[in-house]
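Hello,

Here is the structure I promised to pass on. Please open it first, then read my notes below.

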Amino acid sequence: MELPPLLRQGVDDALAGTPLADLSRAAGALSARYRAEVRDGRFHLSDDLAARAYLATRLPATYAAIRAAMEAVAEGRPDFAPASLLDLGAGPGSALWAAAECWPHLQNALLIEGSAAIRAWGERLAAALALSVEWREGDVAGNLPDFAPRDLVTLAYVLDELDPQARGPLIDRLWALTGDTLLIVEPGTPAGWERVLAARARLIASGAHLIAPCPHALACPLVAPDWCHFSRRVARSRLHRQAKGAEVPWEDEKFIYIAASRHPAAHLSARVIAPPRAGSGQVRLKLCLEKGAAEERLYTKRDGAAFKAARRADWGEAL
Ligand SMILES: C[S@@+](CC[C@H](N)C(=O)[O-])C[C@H]1O[C@@H](n2cnc3c(N)ncnc32)[C@H](O)[C@@H]1O
């Protein structure tokens, strides 16, 4: 997946003239903080160089993950056409750009971001969008002001940066601010899955309808060390490769998400929850099923239309 051309251009302009050695150092430090899930009271994006490193090396991946999760929401709720967005921990506006691509009728957005360094870039990039966008400084783990509910509320790659005790009350607050649909995205690690499971349980207890990825609201059938996650292939620009010291022109972003709504989703019988394993005349799919179980199923040519559908299905897709 590529960034939308306007965003790509904005990021390229933002990074022009940044010395590569500085960018690589900042990207390395950022990646180490994310990997260790450091929570030391400082924002990971506490200065301009860290913010630029995020634009170069993380924005393409978080954008791709959010965009993929939004596609699943749009598939589960084909009638959903959000006019307003509230995004918390907005960073450079990744969810804003993904929502604007997924739902072209989006009219306005309110973005809350604690770090001044990344907020400045987010504001600058979003100026290219034909939307009414307001950015505010705010602590998503603190007392959020009384916003009016928005059609779509998003929280992407933020829970892992918050104090564990702050997460539950934030989910409750976000649900109260959700006019229609709430989307939470996290890194596709076992820890990210655990955070999403906790949010999922809270949302179900609040009466939310799950839209995606789960085809049911029963207990998650996966048991550690297994965990639910998906993957999106992300194109790396030349600068992205250089900043990471990488040669391959793409990377696979692993992510997990939960989308919950005030309205039920279209019926979903199963979702593919692992990469399909295809052989000659057969394909094996690991599925999460509406009855609340996870199963591996073998489809062969003898299954006719079901085999054809299974052969087309990719990891993360509805079957
Ligand atoms: C990993 S970035 C994700 C940015 C964006 N949502 C994305 O997916 O690309 C996490 C963002 O949350 C912000 N953040 C973390 N804790 C916050 C808090 N307590 N209040 C407001 N923003 C916060 C960080 O500054 C950072 O921009």
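**What surrounds the ligand**

The ligand is surrounded by 23 residues, and the closest are Thr-62, Gly-89, Gly-91, Ser-94 and Gly-114. Two elements give two or more residues to this shell: helix H4 (59–76) and helix H5 (94–102). H4 supplies the largest share, 3 residues. By class, the shell has 13 nonpolar, 7 polar and 3 charged residues. Keep in mind that this is a predicted model.

**The chain as a whole**

The protein chain has 10 helices and 12 strands. Its C-alpha trace spans about 60 × 45 × 35 Å along the principal axes. A compact globule of 319 residues would have a radius of gyration near 20 Å, and the chain agrees, with 19 Å. Of the 319 residues, 42% count as buried.

**Backbone details**

Most residues other than glycine have a negative phi, and most peptide bonds are trans. Some places here are worth a look.

Two cis bonds come up first. One joins Ala-212 and Pro-213, with omega about 0°. Another runs from Ala-224 to Pro-225, with omega near 15°. Pro-213 is in the loop between strand E6 (209–212) and strand E7 (230–235). Pro-225 also sits in the loop between E6 and E7.

Next, positive phi. Glu-37 has a phi near 50°, and Tyr-157 has one of about 55°. Glu-37 lies in the loop between helix H2 (20–35) and helix H3 (48–57). Tyr-157 lies in the loop between strand E4 (150–156) and helix H7 (164–176).

Are these two buried or exposed? Glu-37 counts as exposed because it has 12 C-beta neighbours inside 10 Å. Tyr-157 is buried, with 22 other C-beta atoms within 10 Å.

Best wishes

Note on methods
Residues numbered from 1 in each chain as written. Predicted model: local features only at pLDDT ≥ 70, side-chain atom pairs only at ≥ 80, totals over all residues. Near = placed C-beta within 6 Å. Helix = DSSP H or I, 4+ residues; strand = E, 2+ residues; numbered from the N terminus. Nonpolar A, V, L, I, M, F, W, Y, C, P; charged D, E, K, R; others polar. Rg over C-alpha atoms; globule rule 2.2 N^0.38 Å. Buried ≥ 20, exposed ≤ 12 C-beta atoms within 10 Å, placed from the backbone.
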